Amino acid sequence: MSFLNGIASAVASKLSLGSSQPAPSAPAHPLDPLSAAEIASAVAAIKQHVASQQEGKEHRVWFKSTQLVEPAKKTLAPYLGKWHAARESGEVLEPLPRRAEALLGVKSQNSVQWLEYIVDVTKEEGVVESSQPVPDSHNVPPDMEEMILAEKALLSHPEFKAAVAKLDLPSNAKVVADGWIYGGSDMTAALVLTTVGADKFEKSQRYISFMVYLSFSDDPDTCHYAAPLPLVPVIDAEDFTLVEIEYTPILGTGDRTLLDLGERFPWQKYTPNEYDAGIRQAAGLSTRGDLKPYRVVQPEGASFQLEGRVIRWQKWSLHIGFNYREGVVLSDVRYDGRPTFYRLSISDMTVPYGDPRSPYHRKQAFDLGDVGAGLTANELVLGCDCLGEILYLDWDHLSNSGAPVKMRGVVCIHEQDDGIGWKHTNFRTNKPSVTRSRVLIIQTIITVANYEYIFAWKLDQAAGLHLETRATGILSTCAILPGEVSPYGNVVSPGVLATNHQHLFCLRIDPSIDGHQNTVVQEDSVPMPFDKANPPADNRWGVGYVVEKKPLTVSGFADAAPHKNRVFKITNPSKLNPVSGRPVSYKLVPTPSQLLLAHPDSVAFARAEFGDHHIYVTQHRDGELYAGGRYTNQSYGKAEGIRSWIARKDNVENDDVVVWHTFGLTHNPRVEDFPVMPCETHMVSLKPNDFFSVSPAIDVPASTQAFNQSKLFSNATTPSGVLQGNAKVEAEAKANGLGSSCCSK
């Protein structure tokens with residue numbers, strides 16, 4: 001049994017998931033994440049190779065990340081078909097080579113060189129295939145250990161201590177510094193950082209900026225975001241020296257700082273605004289006492305099965321991967337044996353802030369590219385983040401030294417009732433037929449400093465696949481003088497300004513709609529021409545409308561148009577539906593989110609390569625996974641992401657295509673978003689469209705009381721003793737041939 005099979009088996013056993021035990025006959029899967037043993041093999045090979053290159057010089061290898069190099073699609077796609085056949089027949093399948101990629105630095109006394117390594121880990125002893133310097137035009141991302149070292153250097157620096165002393169804080173106060181991505185800058189900014197020199201379209205030194213706060217408590221879980229301090233220090237990410245301390249604008253508009261005003265910082269105006277249950281209880285703040293338990297019980301266990309990392313549920317089968325950058329990756333997605341999607345992932349995201357004043361104009365995070373969804377994943381807890389019968393998946397990574405790190409429970413898998421699936425009541429007989437919709441949820445949660453993102457893939461019984469994205473956590477706050485208001489945000493607590501910002505996500509869809517030769521068709525529902533004075537023969541009463549179809553033939557972009565009911569169908573032109581005669585397809589209804597608000601001439605706009613359109617279509621090329629480019633940290637418009645790819649004008653008609661969908665939210669904070677923001681939820685759906693010859697959910701069992709065992713509300717009164725409809729309906733309603741009433745039995 002493979003290492004990952006062992007993880008799944010142990011977790012399933014612990015949670016008594018008898019029906020979800022891995023099948024021993026399943027061959028090793030080529031997309032399984034790197035195991036601890038493979039990572040150790042790669043680390044050993046890299047260290048040996050670096051030592052040979054250094055020729056005895058004192059050095060340190062600083063690892064940032066590692067992940068599986070997925071096999072080339074031309075090799076992997078046909079292999080997956082053989083993998084499924086081998087699973088059915090039990091034959092031994094020769095595994096594909098396993099390769100690891102690693103990003104690391106070789107640090108000596110006065111220098112550091114950042115390198116990209118590829119290591120063959122197929123055999124027990126890893127073999128270095130290549131080692132290339134990170135291109136000079138890019139900056140590597142920060143990592144947690146760098147952030148911690150930079151914070152320690154900042155808090156102990158005499159210049160920073162002197163700046164804090166000028167604020168005349170109380171003697172018992174504790175200063176908290178949150179490391180923040182340095183971001184990008186607009187070359188037209190009113191204040192140019194002459195020391196740092198990053199306000200231009202060119203590479204700068206690698207930096208870490210800090211948002212600084214005041215804490216009145218020794219409890220580490222106190223909400224320090226309710227007491228921001230009016231300065232932003234910058235630390236050099238390579239040697240951890242202090243580069244600059246900027247005082248921030250303190251009024252609602254304009255650039256005047258506390259130093260300009262010559263006033264004492266009014267920290268006394270801050271009030272505690274806590275979210276932690278223990279701290280609130282200690283402060284005498286009560287929680288609701290009228291919420292009764294809601295427990296999800298599955299007496300016969302869950303309906304899914306896990307074979308290694310391949311899950312099977314309600315005709316679906318797919319592989320669940322996980323890596324440091326994208327987090328969850330769904331691959332080889334099939335329904336009833338038919339291929340639908342080759343690979344699905346959240347490719348990228350950006351969070352640009354809207355305060356144009358320095359230093360806030362730099363605030364633009366790329367949470368996946370700058371940090372990583374895998375590296376920031378929560379270790380989920382039973383009974384808290386997911387309800388019901390839960391299966392967890394772990395993930396192996398490494399520390400900066402290359403030591404193994406196991407993150408437990410980064411993915412939770414469970415079923416969930418989703419309300420009515422379909423229903424019809426024959427009005428002549430009063431006979432209802434009804435089913436409930438069950439969905440399978442594959443969820444991960446990431447924490448990036450103050451913010452949380454919940455990514456949940458949902459599979460339904462009607463062959464639909466959905467991505468639900470929830471944004472929550474704590475607003476990024478800054479100081480503002482009491483009594484001031486600002487057009488750039490909202491005051492959410494005394495002296496606390498929460499800045500307006502956006503969250504833009506980019507979903508990567510690599511389809512395989514009954515094969516890999518697909519075409520994306522834009523469809524608009526539009527009214528037919530009509531002239532009341534001279535009605536056309538084909539629309540004499542002016543009620544007609546048609547669907548205009550526009551195949552996308554070369555790589556490019558398109559946008560949502562809800563007023564036209566615009567959808568994008570990913571079709572297979574060579575496979576026609578036997579009923580409709582139209583190409584089989586899956587339909588994407590784009591989320592018509594507001595797109596990037598930064599000006600097209602700004603650095604912020606240049607960095608967010610996926611931020612100016614809802615839909616992009618490119619021809620597939622191996623390695624083109626990240627819409628914002630491989631290196632987003634302090635990028636400046638040359639990250640070589642999706643804008644470079646669509647510029648090739650490749651053929652995307654009846655070809656191996658990739659669809660990218662940008663969606664998200666413009667978040668203008670409310671007082672109600674503080675101290676912790678209630679979830680803001682968005683859903684993107686992929687639904688079959690002429691893919692089947694009948695509703696794929698038609699064979700879902702009927703919803704019956706015998707199966708569901710619902711209870712009446714304890715205080716309910718039922719004068720006639722009737723639970724639903726009338727006695728005749730209850731006696732005669734036999735749903736879907738199961739021989740029992742949908743409600744009374």
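Glu-468 is buried, because its relative accessible area is 8%, where buried means under 20% relative accessible area, exposed means over 50% and partly exposed lies in between (1.4 Å probe, protein chains only). The structure is a predicted model, in which local features need pLDDT of at least 70 and side-chain atom pairs count only at pLDDT 80 or more, while totals for chains, interfaces and linings use all residues. Residues are numbered from 1 along each chain as its sequence is written, and side-chain values use heavy atoms, with hydrogens and water left out.

**Salt bridges**

- A search of the whole structure finds 36 salt bridges, a salt bridge being a side-chain nitrogen of Lys or Arg within 4 Å of a carboxyl oxygen of Asp or Glu.
- Glu-468 forms one of these with Arg-470, and the closest N and O atoms of the two are 2.9 Å apart; Arg-470 counts as partly exposed, because its relative accessibility is 30%.
- Another salt bridge joins the side chains of Asp-510 and Lys-73 at 2.8 Å, N to O.
- This pair links distant parts of the chain, since Asp-510 belongs to strand β23 (residues 501-511) and Lys-73 to helix α3 (residues 73-89), 437 residues apart; helices (H or I, at least four residues) and strands (E, at least two) are DSSP runs, numbered from the N terminus.
- Both Asp-510 and Lys-73 are buried.
- The side chains of Arg-325 and Asp-348 also meet in a salt bridge, at 3.7 Å from N to O.
- Arg-325 lies in the loop between β11 (316-323) and β12 (327-335), and Asp-348 in strand β13 (residues 338-352), so the pair ties together parts that are 23 residues apart in sequence.
- Both Arg-325 and Asp-348 are buried.
- A network of salt bridges links Lys-64, Asp-143, Glu-146, Arg-206 and Glu-238.

**Helix α4**

- Helix α4 (residues 144-155) has 12 residues and should span 16 Å at 1.5 Å a residue, which agrees with the 17 Å between its end C-alpha atoms; the expected span is 1.5 Å times one less than the number of residues.
- The buried residues of α4 are Glu-146, Met-147, Ala-150, Ala-153 and Leu-154.
- Seen down the axis of α4, the buried residues fall within an arc of 130 degrees, so they line one face of the helix; the arc is that of the directions from the helix axis to the C-beta atoms.
- On the other side of α4, Met-144 and Lys-152 are exposed.
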